[in-house]
Amino acid sequence: MNHENNHESKYNFYSFLPLIIIAGLIIAFTIGMSFYRGGWNYNEAMLDFMAGFFLVFGFFKIINLPGFVEAYSMYDIIAQQSRLYAYIYPFIEIGLGIAYLLRYQLFVANIITVIIMAIGSIGVVIELSKGREITCACLGTVFKLPMTYVTLSEDVIMGLMALYMILFL
C-alpha cells in the first residue's frame with residue numbers, strides 16, 4: 001500500500017473548503033478591481049491577485065501569531081532555525097500585499113516574493129517527501145488545513161507569478 005496516496009486521498013473537498021472560499025474571494029476581488037480599473041488587463045489582475053493573496057493570508061496568520069509561529073516552524077527551513085523569522089513572516093506578506101496593491105517598488109516586491117516562495121516550497125517538499133501529516137500554516141491556525149500538494153502549488157504559483165513579472169514587466 002502506498003502511504004503517500006493514502007495521505008492525499010483521505011482529504012476531500014471539505015478539508016479544503018476554507019481555502020476554496022478564501023481563494024474565491026480573492027478572485028472576486030481581482031475581478032472587481034479589473035472592473036474598477038475599466039477593463040481586464042492580465043498584468044494588473046495578477047498584481048491585484050497577489051495583493052489580495054498576501055493581505056488575506058498575512059492577516060489570517062497574525063490572528064494567532066504564536067500559533068502560526070509554532071505551526072510554521074514545523075516545516076519552514078528558516079523558521080526552524082529562527083523563531084524571529086517566523087514572527088516576522090506574516091508582516092512580510094502584509095507588506096508585499098500593500099506593495100502589490102499600491103504598485104510600489106514592484107521589482108523589490110517580486111524579488112522578495114520569489115525568494116520566500118522558493119524557501120517555503122523547499123520546506124513543503126521536504127515534509128511531503130517524509131509523508132508526515134502536519135497542519136499547513138498558510139492561513140495561520142484559524143483553519144486546520146492539511147499540508148498537501150495544494151500547499152506546494154500555492155507557493156510555486158505565487159513564486160512563478162513574481163518571476164514572470166521580474167522577467168517580462
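Reader: Starting with Glu 127, is it buried or exposed?

Author: Glu 127 is buried, with a relative accessible area of 2%. This is a predicted model, so the figure is computed from predicted atoms.

Reader: What does its side chain meet in a salt bridge?

Author: The side chain of Lys 130, at 3.6 Å from N to O. Both residues sit in helix H6, which covers residues 106–130, and they are 3 residues apart, about one turn of the helix.

Reader: And Lys 130, buried or exposed?

Author: Exposed, since its relative accessible area is 51% and the cut-off for exposed is over 50%.

Reader: How many salt bridges does a search of the whole structure find?

Author: It finds 8. One of them joins the side chains of Asp 48 and Arg 37, at 2.8 Å from N to O. Asp 48 belongs to helix H3 (residues 42–63) and Arg 37 to the loop between helix H2 (17–36) and H3, so this bridge ties together parts that are 11 residues apart in sequence.

Reader: How accessible is Arg 37?

Author: Arg 37 is partly exposed, at 35% relative accessible area. Asp 48 counts as buried, at 0% relative accessibility.

Reader: What does Asp 48 touch, not counting residues up to four places away in sequence?

Author: Phe 29, Thr 30, Met 33, Arg 37 and Arg 103. Two of those names come back in a network of salt bridges that links Arg 37, Glu 44, Asp 48 and Arg 103.

Reader: Where does Arg 103 lie?

Author: In the loop between H5 and H6. Arg 103 is partly exposed, with a relative accessible area of 23%. Its phi is positive, about 60°, although it is not a glycine.

Reader: What about the phi of Gln 105?

Author: Gln 105 has a positive phi of about 50°, and it is not a glycine either. Gln 105 also lies in the loop between H5 and H6, and it is partly exposed, with a relative accessible area of 46%.

Reader: Back to salt bridges. Which residue does Lys 61 pair with?

Author: Lys 61 pairs with Glu 93, and their closest N and O atoms are 2.8 Å apart. Lys 61 is in helix H3 and Glu 93 in helix H5 (residues 83–102), so the bridge links distant parts of the chain, 32 residues apart.

Reader: Is Lys 61 buried or exposed? And Glu 93, buried or exposed?

Author: Lys 61 counts as buried, at 3% relative accessibility. Glu 93 is buried, with a relative accessible area of 3%.

Reader: Change of topic. Which residues touch the most other members of the largest nonpolar core?

Author: Met 50, Phe 54, Phe 57, Tyr 72, Tyr 75 and Tyr 100, out of 41 residues in that core. The elements giving two or more residues to it are H2, H3, helix H4 (65–72), H5, H6, strand S2 (138–141) and helix H7 (149–168). H3 gives the largest share, 8 residues.

Reader: What is Tyr 75 in contact with, leaving aside neighbours within four places in sequence?

Author: Its contacts include Gln 80, Gly 123, Val 124, Ile 134, Cys 136, Ala 137 and Met 147. Glu 127, where we started, is also among them.

Reader: Now the helices. At what angle do H6 and H7 pack?

Author: At about 155°, with their axes 8 Å apart. That angle makes H6 roughly antiparallel to H7, because the cut-off is over 145 degrees. The crossing is left-handed.

Reader: Which residues make the contact?

Author: Among them are Phe 107, Ile 111, Val 114, Met 117 and Val 124 of H6, and Tyr 149, Leu 152, Val 156, Gly 159 and Ile 166 of H7.

Reader: And how do H3 and H7 cross?

Author: At roughly 140°, and their axes come within 11 Å. H3 and H7 are therefore oblique to each other. H3 passes H7 in a left-handed crossing. The contact includes Met 46, Met 50, Phe 54 and Phe 57 of H3, with Met 158, Ala 162 and Met 165 among the residues of H7.

Technical notes: Residues numbered from 1 in each chain as written. Predicted model: local features only at pLDDT ≥ 70, side-chain atom pairs only at ≥ 80, totals over all residues. Heavy atoms only, no water. Salt bridge = Lys/Arg side-chain N within 4 Å of Asp/Glu carboxyl O. Helix = DSSP H or I, 4+ residues; strand = E, 2+ residues; numbered from the N terminus. Buried < 20%, exposed > 50% of the residue type's maximum accessible area, 1.4 Å probe, protein only. Core = buried A, V, L, I, M, F, W, Y, C linked by side-chain atoms within 4.5 Å. Contact = heavy atoms within 4.5 Å. Axes fitted to C-alpha atoms, helices over the stretch in contact; angles between N-to-C directions. Parallel < 35°, antiparallel > 145°, perpendicular 65-115°, else oblique. Left-handed = near helix turned anticlockwise from the far one by under 90°.
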